Amino acid sequence: MMSSLLARTVVSYLLVFAVPLALPVAFVKLVGLGGLRELVTYEARDTPLHRLDPRLKVLYPVAMGVLSILLTWSFMLIVFALSIVPWIWLRPSRQRVRVLMVLVIGPALAGFWSQGLYYLPNPPIHYLYQFPWTISWMGSPGITSYGLVFGLEQTARVLVTVSTSMMILVTTDVSDFTWAFERFGAPPQVGFALTAALRFLPEMISRTGLVLRAVELRGYDLSRPRWFQVIQWPDYAKRVARCVGLITVPLLVGTLRGTTTMAMVADARGFGANRRRGSLRVHKLAAVDYWGYGVLITLVLTAFVLNHFHIGARYYG
C-alpha cells in the first residue's frame with residue numbers, strides 16, 4: 001500500500017508542507033510574543049559580560065561573521081562551540097534559554113530541511129526519499145542526503161550569527177550601542193536610528209500583546225479549536241484573518257504616536273545641535289577588555305592564516 005502512487009503522493013506532500021508548517025506552530029506554543037520580547041530586551045545585571053566595553057561587544061559578531069565566511073563548516077562547528085562559552089558565563093534564566101534554543105533550532109531546521117529538498121548535487125543523486133511525478137513538478141524531486149549535509153553546513157553559519165547577535169542584545173544597553181557607534185566615528189544620527197530600531201521591536205511585541213488582550217476582553221473570540229476538530233478550523237482561520245485588520249490600525253496609530261513623542265524628546269534635548277555629543281557614561285578600557293580584543297584579533301588572524309594555507313578554507317565555485 002505504501003508503494004502505491006496515492007500513498008507516496010500523500011507522504012511527499014506531508015514532507016514538503018507539514019514539516020515547515022510545524023515550525024511556526026512550535027514557536028507559538030513554546031515561545032509566544034512574550035518570550036520573544038524577553039529575548040530581545042536588555043537584561044540589566046552586574047556580570048563581567050555586562051561590564052565589557054560596548055565597542056568590543058559590537059565587534060564580537062563582526063569577527064565571528066568573518067570566521068563564518070572564511071572557514072569550512074567543520075571548523076564552523078568549533079566556532080559555534082566557542083560562541084556558546086559566553087552564554088555559559090552569562091548564566092541566563094531557564095526561560096531565556098528555552099526561547100534562545102527555539103530561535104536557534106527553528107531556523108536551523110528550516111535551512112536543513114529546505115536544502116535537503118531543493119539543493120541537488122551533480123548526478124548520480126542519492127535520494128533518501130524520491131517524490132512521485134504528482135509533486136516533483138514543484139521543483140523538488142525528493143530529499144537528498146547531499147542536500148541535508150549542505151543544509152547542515154549552512155546551518156552552522158546561521159547558528160553562529162544568531163548566537164552572537166542575541167548575546168549583545170541581552171548584555172548591552174541601547175544607549176551603549178549609540179555610544180559605541182559614535183566612538184567608531186559614525187554620525188550621531190546613525191546611533192539614534194539604531195537606538196530607535198532596537199527599541200521598536202520589544203515595544204511593538206508588547207503593544208501587540210496588549211491589543212490582542214483588549215480585543216478578546218471586548219468579546220472577540222480567538223479561542224483555538226483542538227487539533228481533531230477539523231470542521232472548526234476554517235472558521236478559526238477566518239476569525240484570525242479578520243483580527244489582523246482589527247489590530248493593524250491600533251498598532252499603526254500607536255507606532256506613529258510613539259515616533260512623534262520620540263522626535264519631540266530629541267528636539268527638547270537639543271539632539272543635533274552640536275556635532276560632538278556628550279555622554280553620561282564614558283566606558284574606560286579595563287584589563288578584561290584588552291583580553292577580549294586580543295582574543296578577537298587572534299581568532300580573525302588565525303582564520304586568515306588557515307585560509308592562506310588552505311587549511312579549513314572555504315572553497316567557492
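**Helix packing and aromatic pairs in a predicted model**

Helix 4 (residues 73-90) packs against helix 7 with an angle of about 20° between the two, their axes lying 9 Å apart; axes here are lines fitted to C-alpha atoms, for helices over the stretch in contact, and angles run from 0 to 180 degrees between N-to-C directions. The structure is a predicted model, in which local features need pLDDT of at least 70 and side-chain atom pairs count only at pLDDT 80 or more, while totals for chains, interfaces and linings use all residues. Residues are numbered from 1 along each chain as its sequence is written, and side-chain values use heavy atoms, with hydrogens and water left out. Helices (H or I, at least four residues) and strands (E, at least two) are DSSP runs, numbered from the N terminus.

The angle makes helix 4 roughly parallel to helix 7, given that angles under 35 degrees count as roughly parallel, over 145 as roughly antiparallel, 65 to 115 as roughly perpendicular and the rest as oblique. Sorted by class, the contact of helix 4 with helix 7 has 16 nonpolar, four polar and two charged residues; Ala, Val, Leu, Ile, Met, Phe, Trp, Tyr, Cys and Pro count as nonpolar, Asp, Glu, Lys and Arg as charged, and the others, Gly among them, as polar.

Leu-152, found in helix 7, is partly exposed with a relative accessible area of 37%, on a scale where buried means under 20% relative accessible area, exposed over 50%, and partly exposed in between (1.4 Å probe, protein chains only). When its neighbours within four places in sequence are left aside, Leu-152 is in contact with Trp-73 and Phe-112. The C-alpha atoms of Leu-152 and Gly-111 are separated by 7.7 Å, although these residues are 41 apart along the chain.

Helix 7 (residues 145-171) also meets helix 3 (residues 54-70), the two axes coming within 9 Å and crossing at roughly 180°, and the two helices are therefore roughly antiparallel to each other. Helix 3 contributes Lys-57, Tyr-60, Pro-61, Met-64 and Ser-68 to this contact, while helix 7 contributes Arg-157, Val-160, Thr-164, Met-167, Ile-168 and Thr-171. These residues divide into six nonpolar, three polar and two charged.

A further partner of helix 3 is helix 11 (residues 287-308), whose axis comes within 10 Å of that of helix 3 and crosses it at roughly 15°; helix 3 and helix 11 are therefore roughly parallel to each other. Helix 3 passes helix 11 in a left-handed crossing. Among the residues that meet here are Arg-55, Leu-59, Tyr-60 and Leu-67 in helix 3, and Asp-289, Tyr-293, Leu-296 and Phe-304 in helix 11. The contact of helix 3 with helix 11 comprises 13 nonpolar, two polar and two charged residues.

Helix 8 (residues 174-183) is mostly covered, since seven of its 10 residues are buried, namely Val-174, Asp-176, Phe-177, Thr-178, Trp-179, Ala-180 and Glu-182. Arg-183, which lies in helix 8, counts as partly exposed at 27% relative accessibility. Just after helix 8, Gly-185 takes a positive phi of about 95°.

The structure also holds four aromatic pairs; rings of Phe, Tyr and Trp (its six-membered ring) pair if their centres lie within 6.5 Å, and planes under 30 degrees apart count as stacked, over 60 as edge-to-face and the rest as tilted. One of these pairs, formed by Tyr-13 and Phe-17, is stacked, at 5.9 Å centre to centre and 15° between the planes. Tyr-13 and Phe-17 are four residues apart in helix 1 (residues 5-30) and so are separated by about one helical turn. Tyr-13 is partly exposed, with a relative accessible area of 29%, and Phe-17 counts as partly exposed at 38%. Trp-233 and Tyr-236 form an edge-to-face pair, at 5.5 Å centre to centre and 90° between the planes. Both lie in helix 10 (residues 233-268), three residues apart, about one turn of the helix. Trp-233 counts as partly exposed at 31% relative accessibility, whereas Tyr-236 counts as buried at 16%.

Methods
Contact means heavy atoms within 4.5 Å. A crossing is left-handed if the near helix is turned anticlockwise from the far one by less than a right angle, and right-handed if clockwise.
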